[in-house]
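Subject: Structure for your files

Hello,

Here is the structure I said I would pass on. My notes on it follow below.

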Amino acid sequence: MGYMDRLYRSENIIGYTGDLQNNPTVYFFSPSPGVNGQPKTKLVGQNNQILFLNGHITQAHDIANNVGREKVVESWSYSIMNAGPEHDTSGLIKKGQKALQEVFHQSEADKGFQYYDTPDGFSDFHISRNVFTQVSHNDQATLKILALSIAKFPRIKAMYGVVADDAIFQP
């Protein structure tokens, strides 16, 4: 058994960054299942919002303790896109470049997460070194390559220390 196996499954792969043939970072996304099997919800204002799980597996990085499964986050407002520097106040995306940018709504990113405000009122919480490539569930050849990361990296990244296999982080 590995860290957050309920998310880190081949059917939850949504895409990757980096070179497909050279240890890409693999991204996962899924509704957060409640006790009854239905998606969990959270009251936000006067509306129930469906909660989603997201995370990624970093297969190669210059910093050794940043390799493995990312901590899984449960959130009601998550997006992933390729952004240019005009949507990034962190300074990580340089002029003329684009990179993957994962975003929470501003009101969620105030509990110890490292994040950066964006001009549209949202907050970056992860900016990749590369652009994101979305993968269709019909692209079985690519999914097979990406799914190799699941067994290869069953543990959470060493940078997070000892974490329970079912630990979900709330932004």
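Is Glu 11 buried, partly exposed or exposed? Glu 11 has a relative accessible area of 42%, so the residue counts as partly exposed. Please keep in mind that this is a predicted model.

Salt bridges

Five salt bridges turn up in a search of the whole structure. One of them joins the side chains of Arg 9 and Glu 11, with an N to O distance of 2.5 Å. Arg 9 is partly exposed as well, at 40% relative accessibility.

Another is formed by Asp 5 and Arg 69, whose closest N and O atoms are 2.9 Å apart. This pair links distant parts of the chain, 64 residues apart: Asp 5 belongs to the segment before S1, and Arg 69 to strand S6 (residues 68-69). Asp 5 is partly exposed at 26% relative accessible area, whereas Arg 69 is buried at 1%.

Lys 40 and Glu 74 also form a salt bridge, with 3.0 Å between the closest N and O atoms. Lys 40 sits in the loop between S2 and strand S3 (41-44) and Glu 74 in strand S7 (residues 72-75), so the bridge ties together parts 34 residues apart in sequence. Here Lys 40 is partly exposed, with a relative accessible area of 31%, and Glu 74 is buried, with 4%.

Nonpolar core

The largest nonpolar core contains 20 residues, and Tyr 3, Tyr 8, Phe 28, Val 72 and Leu 146 have the most contacts inside it. Two or more residues each come from strands S1 (13-17), S2 (25-31) and S5 (52-58) and from helix H1 (140-152). H1 contributes the most, with three residues.

Regards

Definitions and conventions:
Residues are numbered from 1 along each chain as its sequence is written. This is a predicted model: local features need pLDDT of at least 70, side-chain atom pairs count only at pLDDT 80 or more; totals for chains, interfaces and linings use all residues. Side-chain values use heavy atoms; hydrogens and water are left out. A nonpolar core is a set of buried Ala, Val, Leu, Ile, Met, Phe, Trp, Tyr and Cys residues joined through side-chain atoms within 4.5 Å. Buried means under 20% relative accessible area, exposed over 50%, partly exposed in between (1.4 Å probe, protein chains only). Helices (H or I, at least four residues) and strands (E, at least two) are DSSP runs, numbered from the N terminus. A salt bridge is a side-chain nitrogen of Lys or Arg within 4 Å of a carboxyl oxygen of Asp or Glu.
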